[in-house]
Amino acid sequence: MESPAFDLAFEPAYGRAVPVESGVERITAENPGPFTFYGTNSYIVGGSSAAVIDPGPEDEAHYQALMAALAGREVTHIFVSHTHRDHSPLAKRLQAATGAVTVGQGPHRPARPLREGEINPFAESSDISFVPDITLSDGQALSGDGWSLRAVLTPGHTANHAAFALEGRDILFSGDHVMAWSTSIVAPPDGSMADYMASLDRLMARGDRLLLPGHGGPVSEPAAFLLALKAHRLGRERAILERIRAGDRAISEMVKAIYRDTDPKLHGAAALSVLAHIEDLVERGEIAADGPPSLAAAYRLL
């Protein structure tokens, strides 16, 4: 299956602030991994009055790098795109040091309730302690010295995911919803594929010139990239339907066929992505399960 043209060229420059655009700097935490690429990007927006977007994990070196970059500036707001432990935990210490208010869509919550006997596979990745001082509604804007950030709610990766539009600049801080280096993880019950696709359509309608994601480098041609991301997800959906049509009944069977060229170590995450698609397909009445949709259920076409 053809994928979008992912951009793996990225220099994390750990420990220092990198200018990205006028009035925008990026500092990358040294927490590389299969889901974080080189690490989590924290962004500083503004001049004498600054905002931090996604302070990152609780990491001493990253905290010191942020404080050095912010020296001599008033920090008024700490924006959090979503409550995974690679994005939000450092907000607490940064707030204590600066007095800034924390901002986000809300505390962590699943996209749907846990079903009987179900275990949330990403529970340990969730920062359930973060509760923002300001809970953003869609379209709400907050401003500082030379900057204004407007909330663009983008549930899907998590139920409380938000992107932030830099007013007057056609720049969107896209968190983990859209990244240049990889597709986003959408894993039930935290994530919802139906929500993710609706949020993707929403970004496609915006016309931003630049996306600055939570991991990796910028998305410099958003229109084409978003279109390719949507096509990729729809292709994955077709592949699932084709596997069921061919006789596969279990998600494990589908993963072996659809992700045959993917490192088997990532098949667990792939199974959750397939489940997210399947939940959407069941809801739309295209397939049925022998009970609630789950990793262990059997599926058939309707």
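**Pocket, cavity, sheet**

Modeller: The largest pocket has 42 lining residues, and Ser-182, Thr-183, Ser-184, Ile-185 and Tyr-259 are nearest its centre. This is a predicted model: local features need pLDDT of at least 70, side-chain atom pairs count only at pLDDT 80 or more, and totals for chains, interfaces and linings use all residues. Residues are numbered from 1 along each chain as its sequence is written, and side-chain values use heavy atoms, with hydrogens and water left out.

Biologist: What makes a set of points a pocket, and what makes one a cavity?

Modeller: Both come from a 1 Å grid over the protein atoms alone. A pocket is an open set with protein on both sides within 12 Å along at least five of seven lines. A cavity is a set of points where a 1.4 Å probe fits but cannot get out. Lining residues have an atom within 4 Å of a point.

Biologist: How much space lies in the largest pocket, and which elements line it?

Modeller: About 1200 Å³. A volume is the space filled by probe spheres set on the points, with grid points joined across faces, edges and corners. Helix H4 (222-245), helix H5 (251-258) and H6 each give two or more residues to the lining. H4 gives the most, with 8 residues. Helices are DSSP runs of H or I, at least four residues; strands are runs of E, at least two; both are numbered from the N terminus.

Biologist: How many cavities of 30 Å³ or more are there?

Modeller: The count is 1. The largest cavity has a volume of about 50 Å³. Its lining has 13 residues, with Ile-53, Asp-54, Phe-173, Gly-175 and Leu-212 nearest the centre. Strand S11 (171-175) is one of the elements supplying at least two lining residues. S11 has the largest share, 3 residues.

Biologist: Why is Leu-203 called buried?

Modeller: Buried means under 20% relative accessible area (1.4 Å probe, protein chains only); exposed means over 50%, and partly exposed lies in between. Leu-203 has 3% relative accessibility, so Leu-203 counts as buried. This residue sits in helix H3 (residues 193-204).

Biologist: What does Leu-203 touch?

Modeller: Contact means heavy atoms within 4.5 Å. Not counting residues up to four places away in sequence, Leu-203 touches Val-152, Thr-154, Leu-172, His-177, Val-178 and Leu-226.

Biologist: And why does His-277 count as buried?

Modeller: The relative accessibility of His-277 is 2%, so this residue counts as buried. His-277 belongs to helix H6 (residues 267-283). Leaving aside neighbours within four places in sequence, His-277 is in contact with Met-193, Arg-233, Arg-236, Glu-237 and Ile-240.

Biologist: How do you know that S1 and strand S2 (residues 24-28) pair?

Modeller: Two strands pair if DSSP finds at least two bridges between them. Here 3 bridges join S1 to S2, and the two run antiparallel. In one of the bridges, Val-18 has Arg-26 of S2 as its partner. S1 and S2 form a hairpin with 2 residues between them. Gly-23 in the turn has a positive phi of about 80 degrees.

Biologist: What joins S2 to strand S3 (residues 41-46)?

Modeller: 5 bridges, again with antiparallel strands. Glu-25 has Ile-44 of S3 as its bridge partner. S2 is mostly covered, with 4 of its 5 residues buried.

Biologist: What makes S1 and S7 edge strands?

Modeller: 7 strands form an open sheet in the order S1-S2-S3-S4-S5-S6-S7, with mixed pairing. Strand S1 (18-21) and strand S7 (134-135) each pair on one side only.
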